[in-house]
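This report covers selected features of one protein model. Please have the sequence and the structure at hand.

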Amino acid sequence: MATLADIGVSAALNILGAFVFLIAFAILRLQPFNDRVYFPKWYLKGLRDSPTHGGAFVRKFVNLDFRSYIRFLNWMPEALKMPEPELIEHAGLDSAIFVPIALVAWSVLVPVNWTNDTLDVAVKISNVTASDIDKLSISNVPLKSQRFWTHVVMAYAFTFWTCYVLLKEYEKVANLRLQFVASEKRRPDQFTVLVRNVPPDPDESVSELVEHFFLVNHPNHYLTHQVVVNANKLAKLVKKKKKLQNWLDYYQLKYSRNNSKRPMMKTGFLGLWGEKVDGIDYHISEIEKLSKEIAEERERVVSDPKAIMPAAFVSFNSRWGAAVCAQTQQTRNPTLWLTEWASEPRDVYWQNLAIPYVSLSVRRLIMGVAFFFLTFFFMIPIAIVQSFASIEGIEKAVPFLKPVIEAKFIKSVIQGFLPGIALKLFLIFLPTILMIMSKFEGFISLSSLERRAATRYYLFNFVNVFLGSIIAGTAFEQLNSFLKQSANDIPKTIGIAIPKKATFFITYIMVDGWAGIAGEILMLKPLIIFHLKNFFLVKTEKDRVEAMDPGSLGFNSGEPRIQFYFLLGLVYATVTPLLLPFIIVFFALAYVVFRHQIINVYNQRYESAAAFWPDVHRRIIAALIISQLLLMGLLSTKKAALSTPFLIALPVLTIWFHYFSKDRYESAFVKYPLQEAMMKDTLERAREPNLNLKGYLRNAYIHPVFKGEDDDDDALFNNEENENVLVLTKRQSRRNTPVPSKMSGASSPSLPEVVQEDPEP
């Protein structure tokens, strides 16, 4: 069991590691040949030029200005200088909650816990292991003590403070979101909805059916539409052609530098074996074959009805019209003509648009079951890894190392460092697995994929890392004591033992939080990959730009990790306050590092306008309730019969607060106020009376593989001017629809009334 000395050694190692990472970053970022790794966002915006152009050869790669090394840590104040309106971020919540809680907990609870001798007595009587850390926790308070009233009062204080800060932050974020939406420039998604589950019709195509439906039901606002096509195979072919074209450019550049010898290559895997051929001729031939295949596939996509999905992006001539359509039920049957706000074009995950809507429920059921088994069966290998990542586990596995690991310093390193790093390494592939699962479920935007993956990452951490470590880990650690004592003493042992897992979480926070956040800013993996690409693959300036990997904020992994630390902080605030300073250090580091990365590195693939916040709020509320229930359980084992019932009201009040906040502010995150939409439309018409909105929206939601192609050769992408007339239908069931359709034809026998009413020429 880790002691204060072990925690001190672990803290020293992690602080040293974080400091080394930060120093390495501060020096590497000054070198010209690393400029595109640490400042890619400015290159993508066209606001920065490569410092490797021109000058002496050495200066292209190494910064020889020694004065810059004196100011090598100036990135920290620079990251804090950008004002919030420019950055539009909301990272101040963490410190606002935990700094006051930590101050109160250390000034009130730590003295209350420390000034007891309960654990000293328990060690002598029950042979239960304990350390100085445990003496700072609630475990050191004797049974039936009146001191438990302090913990109850502090639980109320922490809950009310957290709810107060949450309410203020919810209001702030909601206002920022509405201000952002109101001030944001014109975007295609403001005028567009996605309609899905379009019912099949034997007489009309999907495009004709969509046009007819919206001209009939939204006659004053419908503008144009773009049907969804299954172009996944075409996209793969285009990607393959691009890769071949890059290799062709490489071999042509190589030949231009040495005309005496044609570049040769092998056709096998990675060019390691196979027939030896001329690299230029081979790639020209392969590109020609692939171009023909792409042309055939493109023709099939735009002409084969089976490639047209029963879905479409429908655009309106106003934000107001789009808001009405997106936020209302379109037909009597709630399972047909389903409308929702369209994601912005860069946020659309095009591969999943080809998944039939009827299969989504089955896919999500399958992934729900798969996630259940992944979560609960993952606990077994995690428990095994954790058992070996301890002094006892190592001594059992390799007994000949016992004299080495029993050395004081080595023992402190193992107990204070190894469990956290073992768990961190074991979970390294989890975000990727969860993203694959989300993609299989069929979510149609990158933001929704990341939100689903983030939710499951949090649940996984809660079940395996939190519950698995506290309940299973503590029970196994104290198994020997359980077997030797009477059944009446088992609840007492559990009440003493559960808070002891705080030592494990302290080491985990230091490894995953402190060193992990410092490693985030070093960007070692992107640094290595960029230089490998730059050395072996980059042939043109375009290739060099594509070799940059700015990445993004990574909501699917970063956000649930921060939420997990919220859970730990709220749970242990009244149980083991010693953990709080470690969490505060993590949040302070994360605040500075992520501000720097957002300003200089990350190139977010989409704009969610704080759409994640309701999920964040719900998880903090859940963490509050968990902390309250855990404290109730602990006090019940401590026979605090008088004080424990007073905690019952806390979960009830917390749940009430959640619904109050949800009813008050959540609509700002899921709906677009019609008043705001009308105001924005009116202002836009006044400022740009001649705006060609249809031209602006014409190709916004065409599949990326068709961008830049000739779109006039097929009715699939035909967007002729619409005069706001209702359309002719080929279906015999619709006899009262006036005026011919521009897509269906000039006349129809189903419209005799209209023909009779037309005036004679």
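## Strand β5 and its partners

In β5, Val-314 is the bridge partner of His-225. The model is a predicted one, in which local features need pLDDT of at least 70 and side-chain atom pairs count only at pLDDT 80 or more, while totals for chains, interfaces and linings use all residues. Residues are numbered from 1 along each chain as its sequence is written, and side-chain values use heavy atoms, with hydrogens and water left out. Helices (H or I, at least four residues) and strands (E, at least two) are DSSP runs numbered from the N terminus.

Strand β2 (residues 222-229) pairs with β5 in the antiparallel sense, over six bridges. Strand β1 (residues 192-196) also pairs with β5 in the antiparallel sense, over five bridges. Two strands are taken to pair if DSSP finds at least two bridges between them. Arg-196 is placed opposite Ala-311 in β5, and Thr-192 opposite Ser-315. Of the nine residues of β5 (residues 308-316), eight are buried, that is, under 20% relative accessible area with a 1.4 Å probe and protein chains only; exposed means over 50%, and partly exposed lies in between.

## The sheet as a whole

The open sheet has four strands in the order β2-β5-β1-β6, with antiparallel pairing. Its edges are β2 and β6 (338-341), each of which pairs on one side only. On average, neighbouring strands are turned by 30° against each other, direction ignored.

## Packing of α15 against α20

Helix α15 (residues 360-377) packs on helix α20 (residues 430-441) at an angle of about 155°, and their axes are 8 Å apart. The two helices are therefore roughly antiparallel. Axes are lines fitted to C-alpha atoms, for helices over the stretch in contact, and angles run from 0 to 180 degrees between N-to-C directions. Angles under 35 degrees count as roughly parallel, over 145 as roughly antiparallel, 65 to 115 as roughly perpendicular and the rest as oblique.

Residues of α15 in this contact (heavy atoms within 4.5 Å) include Leu-360, Ile-366 and Phe-371, and those of α20 include Ile-433, Met-437 and Glu-441.

## Arg-177 in α9

Arg-177 belongs to helix α9 (residues 148-183) and is buried, with a relative accessible area of 14%. A polar atom of the Arg-177 side chain lies 2.6 Å from the backbone oxygen of Ala-668. Beyond its neighbours within four places in sequence, Arg-177 is in contact with Ser-608, Ala-609, Ala-610, Ala-611, Ala-668 and Phe-669.

How values were computed
A polar contact is a pair of N or O atoms within 3.5 Å; within protein, one must be able to donate a hydrogen and the other to accept it, and residues adjacent in sequence count only if both atoms are side-chain atoms.
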